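Colleague: I would like to go through the terms in your report one by one. For each, please give the cut-off and then the value.

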Amino acid sequence: MRFVRTLQPLCLVPAIAFALAVGALFAQDEAPRIVDPKASGIDLLPGVLGPGDRQAVATTDNAGQPVIGRIHARVGEGAVVLLPDGQLVGRSSDGFLPTDRPFVPVEKDVLARRLAVEFAGFKTKQTNHYVYVFDTSDEFALTASRILETMLSGVKAYGESQRIEVAEPEVPLVVVMFRTEEEFQKHSRFPDGVVAYYHTLSNRVYMYEQSRLAKVRPNLAIQQAIATIAHEGAHQILHNIGVQQRLSVWPMWLSEGLAEYFAPTSTGARLRWKGAGQVNDLRMFELEQYLHSRAADEPDGRTIEETVMAERLSSTGYASAWAMTHYLAKHRRTEFNQ
């Protein structure tokens, strides 16, 4: 069971009630939806949900400094505001004012300096689209940056080839890498086995390098580490190139299946991203083990049904979600892309 749990990444999505409401924001002929943002960690009173219309607003950042943000969604008289560093925050009606000044994302070097203060003693590194803050080994940071930067351009190119509307990330993407599980858990407490997560409010990926699995099965630990980097990176990428909207929620099997579809990696001569739609070796291995264990059973469709209906996925559920996504993208491409 430990093996299964350690193969489970985590996309940290806000409370279902708010996320479902945001996801249905533009549904036709719907009655006004009352949402409670506090359940999602957003400091706003409950109110009617409405579109933000990309309205630029004068507000303050989390340090109290004046900035120009943009309304992501309205909640009653308040709003969920996108800050220049990519974070989503709640602002009451007296916390923002419409402005004609443009929303301008923060520069990477400015963001790197802020992160160096927030994570004292950590190194920072910048690439084309990312700012990394880490106290891991340089080798781990280099591998992560190489995989993620390659993935972003590759996923974007895949979307363009499939005529799916995509765009360059509007804000720098932040990845925080801790050296140990203990440091990771001190920052955000999660159940044992969670090795990384994408946090949709901060728009950051958090992970750690040294796992307990590495002491027992080092080769598997390496496989898991780079697979998790790619999986959580895929969530972050898809939410920043226009495929998925932050705070909306898709069916769990599809959201996680997409991340697995875009995240296959290789541990051959070079740790690398294999490319969108390639076989995901870890998930294929798990499916083979699962099917072998049920070889005597007649197919009854329950695996598919349970995966599609699940609000949370087991490790086998992730493998099943990947398999369904891979099948649909390959054999039902037009309908799936739509």
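Modeller: Contact means that heavy atoms lie within 4.5 Å. Among contacts between residues at least 6 apart in sequence, 62% join residues at least 24 apart. The model is predicted, with local features needing pLDDT of at least 70 and side-chain atom pairs pLDDT 80 or more, whereas totals for chains, interfaces and linings use all residues. Residues are numbered from 1 along each chain as its sequence is written, and side-chain values use heavy atoms, without hydrogens and water.

Colleague: What makes up the secondary structure of the protein, in helices and strands?

Modeller: There are 12 helices and 15 strands. Both are DSSP runs numbered from the N terminus, a helix being H or I over at least four residues and a strand being E over at least two.

Colleague: How do you know that the length of helix 4 agrees with its number of residues?

Modeller: The expected span is 1.5 Å times one less than the number of residues. For the 24 residues of helix 4 that gives 34 Å, and the end C-alpha atoms are 34 Å apart, so the two agree. Just after helix 4, Arg 163 has a positive phi of about 60 degrees.

Colleague: Which other residues have a positive phi without being glycine, and why is Asp 53 called exposed?

Modeller: One of them is Asp 53, with phi near 55 degrees, in the loop between strand 3 (47-51) and strand 4 (56-60). Exposed means over 50% relative accessible area, buried under 20%, and partly exposed in between, with a 1.4 Å probe and protein chains only. Asp 53 has 63%, so it is exposed.

Colleague: Why is Leu 247 put in another class?

Modeller: Leu 247 has a relative accessible area of 3%, and is therefore buried. Its phi is near 80 degrees, again positive in a residue other than glycine, and its place is the loop between helix 7 and helix 8. Of the 338 residues of the protein, 52% count as buried.

Colleague: What makes a set of buried residues a nonpolar core?

Modeller: The members are buried Ala, Val, Leu, Ile, Met, Phe, Trp, Tyr and Cys residues, joined through side-chain atoms within 4.5 Å. The largest core has 42 residues, and those touching the most other members are Tyr 130, Met 151, Val 175, Met 177, Met 207 and Phe 262. Elements that each supply at least two residues of this core include strand 10 (130-134), helix 4 (138-161), strand 11 (173-180) and helix 11 (315-331). Helix 4 gives the largest share, nine residues. A second, separate core has 18 residues, among them Phe 122, Val 194, Val 195 and Tyr 206.

Colleague: Which residues is Tyr 130 in contact with, leaving aside neighbours within four places in sequence?

Modeller: The partners of Tyr 130 include Leu 148, Leu 152, Leu 173, Val 175 and Ile 237, and also the charged residues Lys 108, Lys 125 and Glu 149.

Colleague: Why is the pair Asp 138 and Lys 123 called a salt bridge?

Modeller: The term needs a side-chain nitrogen of Lys or Arg within 4 Å of a carboxyl oxygen of Asp or Glu. The closest N and O atoms of Asp 138 and Lys 123 are 2.9 Å apart, and the pair is counted as a salt bridge. Asp 138 lies in helix 4 and Lys 123 in strand 9 (residues 123-126), so the bridge ties together parts 15 residues apart in sequence. Asp 138 is partly exposed at 44%, and Lys 123 is partly exposed at 42%.

Colleague: Where does the bridge between Arg 283 and Glu 260 lie, and are the two residues buried or exposed?

Modeller: Arg 283 and Glu 260 form a salt bridge with closest N and O atoms 2.9 Å apart. Arg 283 is in helix 9 (residues 281-293) and Glu 260 in helix 8, so parts 23 residues apart in sequence are tied together. Arg 283 and Glu 260 are both buried. The whole structure has 14 salt bridges, and Arg 54, Arg 70 and Glu 170 are linked in a network of them.

Colleague: What makes Ile 304, Val 308 and Met 309 a patch?

Modeller: Patch residues have over 30% relative accessible area and no salt bridge; like charges are joined within 9 Å, and nonpolar side chains (Val, Leu, Ile, Met, Phe, Trp, Tyr) within 5 Å. Ile 304 has 41%, so it is partly exposed and passes the 30% cut-off. Ile 304, Val 308 and Met 309 form a nonpolar surface patch with about 290 Å² of accessible area together, the areas coming from the Shrake-Rupley method with a 1.4 Å probe, and for residues only the protein chains shown count as cover. Ile 304 is in helix 10 (residues 302-309).
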